[in-house]
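Please study the sequence and the model before reading each solution.

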Amino acid sequence: MSDFDFNNDNQVKILVPVDSDIESGRAAQAFAAALNLKPDILTLLHVYEPVPMTVGGDEHRALIDERNKRASDVLERARQIAGSSIKVETMILEGQVVESIVRAAHESAADIILMVTDGHDGLADMLLGSITERVLRSTDTNILVLRHKKKTKPESAS
C-alpha cells in the first residue's frame with residue numbers, strides 16, 4: 001500500500017462497509033463522512049454471513065437471493081443519496097465480515113477504509129475485539145475510524 005495525499009492529483013478511493021440501513025446509525029454516519037471527504041471513487045460494501053449449509057437446495061438459493069436483494073436495496077439507496085457528484089461503486093460479499101472487508105479493500109484498491117465504532121459494545125468485543133479493531137489488525141490499508149454519534153434523547157420537562 002502506498003501513502004496518499006488528499007491534495008494531490010491521484011484518485012482517492014474510499015471503502016465504506018455498510019451494515020444495514022444507510023439512512024440511520026453507524027452506516028449513515030460513515031457514509032456522510034465519506035461524502036464530506038469528496039473521494040474520486042466511493043465503494044460501498046455490504047457483507048452478509050454465509051448461509052448455513054444445513055439449509056439446502058431451493059431454500060439455500062432463496063436465502064442467498066433474499067440477502068442479495070436486501071443488500072442491493074440498501075446500496076441503491078446510498079447511491080441515490082450520493083447523487084451524481086461522486087462515482088459510487090458497490091460490492092456485496094458473502095463471508096466473514098472482517099475477512100470480507102479486508103478482501104474488498106484490496107480488490108477495490110481502496111486508499112482508506114472508513115468505519116464507525118461505538119467502542120466496546122460488550123463482553124464479546126472486550127474478549128475478541130470489535131470488527132473495526134480486527135480489520136485494523138488484518139489490513140495494511142489506511143483506516144479512518146470515527147466515534148459513533150448516538151442520538152441523545154431530549155430531556156422531558158417535569
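Angles under 35 degrees count as roughly parallel, over 145 as roughly antiparallel, 65 to 115 as roughly perpendicular and the rest as oblique. The model to which this is applied is a predicted one.

**Exercise 1. Classify the packing of helices α3 and α5 and state which residues make the contact.**

Solution. Two packed helices are described by the angle between their axes and the distance between the axes. Begin with these two quantities: the axes of α3 (residues 97-107) and α5 (residues 131-138) come within 9 Å and cross at roughly 45 degrees. The two helices are therefore oblique to each other. Next, consider the hand of the crossing, which is right-handed for α3 and α5. Then list the residues: α3 contributes Val97, Val98, Ile101 and Val102, while α5 contributes Ile131, Arg134, Val135 and Ser138. Finally, sort this contact by class, which gives six nonpolar residues, one polar and one charged.

**Exercise 2. Determine the order of the strands in the sheet and identify which strands stand at the edges.**

Solution. The open sheet is formed by five strands with parallel pairing, in the order β3-β2-β1-β4-β5. At the edges stand β3 (87-94) and β5 (142-147); each has a single partner strand, so one side of each is left without a neighbour in the sheet. From one strand to the next, the twist averages 25 degrees.

**Exercise 3. Describe how β3 is joined to β2, and how the chain passes from β2 to β3.**

Solution. Eight bridges join the parallel strands β2 and β3. Within this pairing, tyrosine 48 has glutamate 94 in β3 as its bridge partner. The chain passes from β2 through α2 to β3 in a right-handed β-α-β crossover. Helix α2 (residues 57-82) lies across β2 and β3, at about 160 degrees to β3.

**Exercise 4. Describe the pairing of β4 with β5 and the helix that touches both strands.**

Solution. Strand β4 (residues 112-117) runs parallel to β5 and is joined to it by six bridges. Methionine 115 stands opposite valine 145 in β5. Helix α1 (residues 25-37) packs on the sheet and touches β1 (13-17), β2 (41-48), β4 and β5. The direction of α1 makes about 140 degrees with that of β4.

Note on methods:
Residues are numbered from 1 along each chain as its sequence is written. This is a predicted model: local features need pLDDT of at least 70, side-chain atom pairs count only at pLDDT 80 or more; totals for chains, interfaces and linings use all residues. Side-chain values use heavy atoms; hydrogens and water are left out. Two strands pair if DSSP finds at least two bridges between them. Helices (H or I, at least four residues) and strands (E, at least two) are DSSP runs, numbered from the N terminus. Axes are lines fitted to C-alpha atoms, for helices over the stretch in contact, and angles run from 0 to 180 degrees between N-to-C directions. Contact means heavy atoms within 4.5 Å. A crossing is left-handed if the near helix is turned anticlockwise from the far one by less than a right angle, and right-handed if clockwise. Ala, Val, Leu, Ile, Met, Phe, Trp, Tyr, Cys and Pro count as nonpolar, Asp, Glu, Lys and Arg as charged, and the others, Gly among them, as polar. A crossover is right-handed if, with the strands pointing away from the viewer, the path from the first strand over the helix to the second runs clockwise.
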